[in-house]
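Q: Could we go through how the helices pack here, and then look at the nonpolar core?
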Amino acid sequence: MEHIIGFLGGGNMAGAMIGGLLKTTDPARIRVADRHPEKLEHFAEAGVRTYEGPGDWVTECTLLVLAVKPQNMKEAVEPYVPFLNPEGCALSIAAGIEASALSAWLGGYRVLRAMPNTPALVGCGMTGFWAPEGTPDEMLAAALAVLKASGDVVRVPDENGIDLVGAIPGSGPAYVFRFMEALEAAGLKRGLDPKAARSLALGTVYGAAMLARSSDEPFSRLREKVTSKGGTTAKALEVMNARDVDGMMDEAIEAALKRTAEMKALFR
Ligand SMILES: NC(=O)c1ccc[n+]([C@@H]2O[C@H](COP(=O)([O-])OP(=O)(O)OC[C@H]3O[C@@H](n4cnc5c(N)ncnc54)[C@H](OP(=O)(O)O)[C@@H]3O)[C@@H](O)[C@H]2O)c1
């Protein structure tokens with residue numbers, strides 16, 4: 001079946017997903033709606049059909065991706081209810097709104113959830129995906145195809161897994177950028193010029209990630225391979241371990257999960 005994929009919201013994340021999709025999908029199969037006509041121009045130029053609100057076009061969509069901010073979601077989706085395709089489903093990428101709440105706002109429509117992250121903007125996304133039990137294979141395949149167009153996808157077995165995806169790869173680019181800031185600052189403090197300090201920090205993270213990606217070895221083994229006994233790396237790691245990096249990361253993830261739970265409670 002040739003799915004027609006609609007996007008409600010044509011902002012950053014929809015743009016990243018549509019950008020990926022356009023590499024393999026006929027633009028005539030994609031629809032996007034946004035309340036800002038200027039945000040629709042580049043989609044229209046790529047051959048995507050664009051709209052400023054709901055209408056018969058929604059009924060054509062077998063997969064409707066909900067890509068507005070959580071605080072705008074309820075008012076955004078309600079006008080779409082009369083037009084929903086009864087054979088289709090919605091795929092929400094919003095953080096902190098449970099499928100049951102969304103489905104209620106959509107008059108009982110089937111809702112799948114995904115949590116992408118910003119590297120999707122460059123085709124390197126890491127997305128978590130959840131679908132309720134009994135979702136037809138055809139719908140699963142359609143949703144997975146959309147998500148895989150902008151990077152890797154991990155399917156989580158229950159909906160709470162989406163929260164964890166939000167706390168790890170969802171917020172994770174910020175953790176990595178924070179680490180990069182610290183590496184950059186260490187270089188600057190010791191006299192590197194800003195360009196060199198940035199390049200060294202960026203190259204370190206990029207190279208390590210590429211090396212890890214090309215290997216099946218655990219991260220701990222990869223670390224051991226660059227750590228000679230009594231050497232410089234070992235000395236630096238001693239300092240990091242003394243600061244309990246694992247404990248810090250664990251607390252950080254716990255704090256993100258706690259905030260997600262608070263946000264979810266607001267939308268129930
Ligand atoms: N960006 C991320 O890192 C990330 C990661 C994972 C998940 N997400 C999720 O992805 C969703 C979209 O995020 P984003 O960063 O792409 O947001 P965004 O750039 O603000 O895009 C959303 C677009 O939808 C428009 N919109 C809002 N209400 C509308 C309505 N009723 N009808 C038509 N258009 C409407 C917005 O207009 P206004 O600006 O006027 O509201 C905006 O142009 C969010 O739910 C977020 O939780 C984002």
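A: First a term: angles under 35 degrees count as roughly parallel, over 145 as roughly antiparallel, 65 to 115 as roughly perpendicular and the rest as oblique. This is a predicted model, in which local features need pLDDT of at least 70 and side-chain atom pairs count only at pLDDT 80 or more, while totals for chains, interfaces and linings use all residues. Residues are numbered from 1 along each chain as its sequence is written, and side-chain values use heavy atoms, with hydrogens and water left out.

Q: OK, at what angle do H8 and H9 pack?
A: Helix H8 (residues 172-189) and helix H9 (residues 194-213) pack at about 135°, with their axes 8 Å apart, and they are therefore oblique to each other. Helices here are DSSP runs (H or I, at least four residues), and strands are runs of E, at least two. The axes are lines fitted to C-alpha atoms, for helices over the stretch in contact, and angles run from 0 to 180 degrees between N-to-C directions.

Q: Which residues of H8 and H9 make the contact?
A: Taking contact as heavy atoms within 4.5 Å, H8 contributes residues including Val176, Phe179 and Leu183, and H9 contributes residues including Ala197, Ala201 and Val205.

Q: Switching to the largest nonpolar core, which residues touch the most other members?
A: Among its 30 residues they are Leu66, Met73, Ile97, Trp105 and Leu106. Such a core is a set of buried (under 20% relative accessible area, 1.4 Å probe, protein chains only) Ala, Val, Leu, Ile, Met, Phe, Trp, Tyr and Cys residues joined through side-chain atoms within 4.5 Å.

Q: And which element gives the largest share?
A: H5 does, with 4 residues.

Q: What is leucine 106 in contact with?
A: Leaving aside neighbours within four places in sequence, leucine 106 is in contact with Leu66, Val77, Val81, Leu84, Ala90 and Val111.

Conventions. Buried < 20%, exposed > 50% of the residue type's maximum accessible area, 1.4 Å probe, protein only.
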